[in-house]
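Please read it beside the sequence and the model.

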Amino acid sequence: MKLLLISSQGQPLLAVRQLADRLRAGGMEVAVGGCAGADLPVDPHSLLSGDLARRVQGVGLLVAPAKVPALLQTYRLACRLAGVPGAPVFSGPCEPLSGDRLASDLLHRLEVDLICLHGPGEEEEALDLLRGTRFAAKPLVQLGLWSRPAPVSHHDRAGTAVFLEQQGLPDDPAGQEPLLRLLARLAAASPSWKLLIQPTPASGGPDAGAAGPGRGDLIRQQPRRRWPPNLLALDPAEVETTVARAEVCLTISSPWIFHALAQGSRALVMGDYGIRARANLPLFFGSGLIHQFSALASLDRLPRPGRPRRRWLVRQGWEIADPALPLRHALSTLVRP
Amino acid sequence: MSLSILLVADSDSQLLYVEALSRNWPGDAARATINVVPRDGTPPALLERIRSHARIWHQPLATLLGDPRLDRFDAVGVFLAGSKLAEFRTAYHQRATREGWRAAPLFCGFNGVVLEQFDEAITWRLGYDLICLNGPRDQARMERLLRDTPFAAQPSVLTGLRRQWTVEPAGMDRQRRLVFAEQVAMPAPAAERRRMVRLLAGLAQRCPDWEILIRPRVAPDEATFHLHETHISQTLQQELGGRCPANLSLSDAPLAGLLASSLLFGTVSSTAFFDALDLGCRPLVMGDFGLANGYGTAVFEASGMVRSFAELRDLDAELAGPGPDPDWLEWMGHSDRFSAAALLEALQALAAAPRPTMPQLRHPGFVVNAADLSANQLRRSAEALIRQGDHAGAASLLEMAQLQRPSHRNIARRLAALRGEPRFLRRLWLLLSPRYRG
C-alpha cells in the first residue's frame, strides 16, 4: 500500500517522519511531502492537486488542524476535475492530546474519510465529541504512539537530565526567567549532573508562534558566568539525539516525553503551574508523572520511579506496536464515492 | 428533615445558578441562605428575586469564613472561581478543626453548560464532599479524567440543566419574536461580533413579520465576570447606524420573561438554550461561525438545532419542525431524571453519616489544583513556614508561586529575601520585604 503523508515544518514533520518510519517497517511505501525537509519538499496544495496524490492508496493530512479543510478541499477538487475518486484521506493530531486540546484539534478534521488517533483514551473522547452529530459514524482508527524506537542502552546516560522546552509555555512571557532560575538552581545543586535545555519545535497548536525567547536564548543572551557550568542550552535540531542520551527527561507537557519514555528514559512532568487545559496537562493527569519541580532540592533527589502508570500508558496507545496494520485495514475498508 | 443550606456565590452567573438551585428544591426540603459576595454591578433585579425566597447575606469571603453562624448550616454550597473554591474549602475545614465543630458537607458545581476547561475545573473541585454535575456528559468526562487515579472515588451528583421548573410558560399567546441572547465572549473578536449583528439584521430583513430582539448579556453599566470592551448596543449602532431594520431591537428586560413570551430563541452557545426549552420557547443555535470556533457551538451540534442564520428565511417552519434531539438533551442533563432533589438526597445522607476523614489530595505523581496550590495559598503557607524558621521550605513554595505569577513583585521580593546570604542579612531582608497577609 502506498501512502502520501502531508506535513508541515517543525514538530509535525519530526512526528510524521517517525510515523512514516514505522509504517515503512510495517511494509507500506510512504512518502512525506508538503514542506521543506520532507521527502517531497513541494507546496502541499501543489502536491495534492498533482498526479502523484491520485495514485496512492491513502493521503494523510498530518498538519496543524486549521490547515486541514483547505488542503482537503484542494485534493477533492483536483480529483473531481480529473474524474477519479481519489484515495481515502486520513488525518489526526500529531501528538497525544486530551480534553479541550483534543476537541479543538479534531473539530477541524471532521470532513476527512478517516480520523487517526493514538490510543483508546483519545478514541473514547472522540466518540463522546461526535455522539449524536452527523459525524457520529466517522471511521476512527488507533495508530498508537508514533514514536516507538527501541530502548537505547543506559550506560552512557547516567547524570544527564534534559528539560524539554516548549515554545509558548509558560504562556506568560514574564514566566521564562523564573523557570530558567529554577532550572539553574537545580543544576547548581546537582554538580554531578548535566542539565540540558532542549528546545522542541512548535507543534502548530496554541503554542505555535508564541512570543518571547526560550530559556536557551536567555542563557545565550546573558553573561555565561551567571549560569552554572552544567546548565547547557541546545539546538532544536538535536532533540532526537538528546533524548536518546537522557537518564531523565523533564517537561511541562512536551510530546517528546513519549519519545523519551520509548527510549527508556525516566520522565517527570512539571505540575507547578497546576492542571491547565491550554498546556495539555489534563493529558498527563493520570500518568503518575506530575511533580512540583520547585519542591526538588536537587536532581539527586528526583522522585522515583519516573515511570508512568501502565493503564495510563495503554490509554495513550502504548500497546499498539505496529500502526501499519490498523491503518491498512481501515483504509482498505473505506470506499470513496 | 429540612436542611439549612448556605450557598456562596460571587459573579452574577453564579448567582443565577444558586437562585435556580434554591428555587427548585422540593417543598420545604431545604431553607436557603445565599451569601452574595459584594461586588459592583450585581443586577438589583436578581437580588430582589433571591430575596423573595431566601435569606441574603452580603459578606466578603474572609468575613464569611469568620462568621459565628457558619457552624449552624447542614450543608454549604460554594460557587466561586477555581482558586477561591479551593481556598474556601481549606479555610472552612481549618476553622472547624480549630474550633472543634463538625464541618458540614461542602458541595460545589458549575454555572451551566461547561463549554471548555472542564478537566481543569474538576481539579479545582476535588476534595469537596459532592460535585454537582449537569448530566451524563459531564459525568463521563469526570470519570475519564479521574479513572485509575487516587481521586477516582470523588463523589458527584447529577443536578441537571433544568432551571425554570416553577416558572409557568405564558401559553400560546406569545409574540412572533426571536430573542437572541448575546454572550459577552462568544464571539469575542470585534469583527465577529459585528458579523453577528449583521446576521441578525439580515434575518430581520428577511422575516419582516417577526421581531428580532437582542438581549444583551449585561447592561452597559453592569460588571460581569467576563470583561468586554464594546457593549453590543454600541456594536449595533456602529455596524448598522441608520440602516437598522425596524424589527431589530435591544432589550434589557429579564431574559426569563422574554423567553416566556416569545416563540423562538437564538444563541451561539448559551446555557439559556435550556432555559428557553423550560419556558416553552424553541431554541436555535447560530452555526455561522462553524464548529471549530472555540465558542462552544460544537457542544450543541447533536441537538439538531444548529442553523445558519445567514440562510434562515422561514422562522415559522422552524416552529413547525422537530425540537432538540431528546437523547442529546438527556446526555447534556436536561431531563426530569436530574434535579436539585438528587443533591438534597445526597446531602441528607451525608448529614446522617459519620463524618468522613478529609480527603488526601497530595499523592506522589499527581498534582491537583485544589491541593492548596493557588498562588495565594502558597504565599500563605510560605509565611507560616517563615514563622517556623523553615526558610528553604518557604522558598520552595514561593518559587512555585512565582512560576504562576511571574510579574508579581511582592512574591519576587519575598523570595529574594529568603535566598539572601549571609543568614543574618536574610533576617533583615525578610523584615524589609512585604509579608503576605491574605
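Chain A and chain B of this predicted model bury about 3600 Å² between them, 54% of it on carbon and sulfur atoms; buried area is the accessible area (1.4 Å probe) that two parts lose on being put together, summed over both. In chain A, the residues that lose the most area to chain B are I275(A), F285(A) and R315(A), together 18% of what that side buries. The model is predicted, so local features need pLDDT of at least 70 and side-chain atom pairs count only at pLDDT 80 or more, whereas totals for chains, interfaces and linings use all residues. Residues are numbered from 1 along each chain as its sequence is written, chains are lettered from A and ligands numbered from 1 in the order in which they are written, and side-chain values use heavy atoms, with hydrogens and water left out.

**Interface of chain A and chain B**

- Contact (heavy atoms within 4.5 Å) involves 42 residues of chain A and 39 residues of chain B.
- The rule finds 16 residue pairs in polar contact across the interface, both residues being at pLDDT 80 or more. A polar contact is a pair of N or O atoms within 3.5 Å; within protein, one must be able to donate a hydrogen and the other to accept it, and residues adjacent in sequence count only if both atoms are side-chain atoms.
- On the side of chain A that touches chain B, two or more residues come from each of α5 (99–106), α6 (120–130), α7 (176–188), β12 (290–291) and α12 (310–315) of chain A. Helices (H or I, at least four residues) and strands (E, at least two) are DSSP runs, numbered from the N terminus.
- The element that gives the most to this side is α7(A), with five residues.
- By class, this side of chain A has 15 nonpolar, 13 polar and 14 charged residues. Ala, Val, Leu, Ile, Met, Phe, Trp, Tyr, Cys and Pro count as nonpolar, Asp, Glu, Lys and Arg as charged, and the others, Gly among them, as polar.

**Salt bridges**

- Over all chains the structure holds 44 salt bridges, each a side-chain nitrogen of Lys or Arg within 4 Å of a carboxyl oxygen of Asp or Glu.
- Seven salt bridges are found across the interface of chain A and chain B.
- E124(A) and R144(B) form a salt bridge, at 3.8 Å from N to O. E124(A) lies in helix α6 of chain A and R144(B) in helix α6 (residues 136–146) of chain B, so the pair joins two chains.

**Largest cavity**

- About 130 Å³ of space lies in the largest cavity. On a 1 Å grid over the protein atoms alone, a cavity is a set of points where a 1.4 Å probe fits but cannot get out, and lining residues have an atom within 4 Å of a point. Grid points are joined across faces, edges and corners, and a volume is the space filled by probe spheres set on the points.
- Among the 14 lining residues, Q18(A), C94(A), P96(A), S147(A) and P255(A) are the closest to the centre.
- Two or more lining residues come from each of α1 (11–25) and α10 (256–262) of chain A.

**Backbone features**

- The peptide bond between L169(A) and P170(A) is cis, with omega about -5°; P170(A) lies in the loop between β7 (160–166) and α7 of chain A.
- Q117(B), which is not a glycine, has a positive phi of about 60°.

Methods: 1 Å grid on protein atoms, 1.4 Å probe; cavity = no way out; pocket = protein on both sides within 12 Å on 5 of 7 lines; lining within 4 Å.
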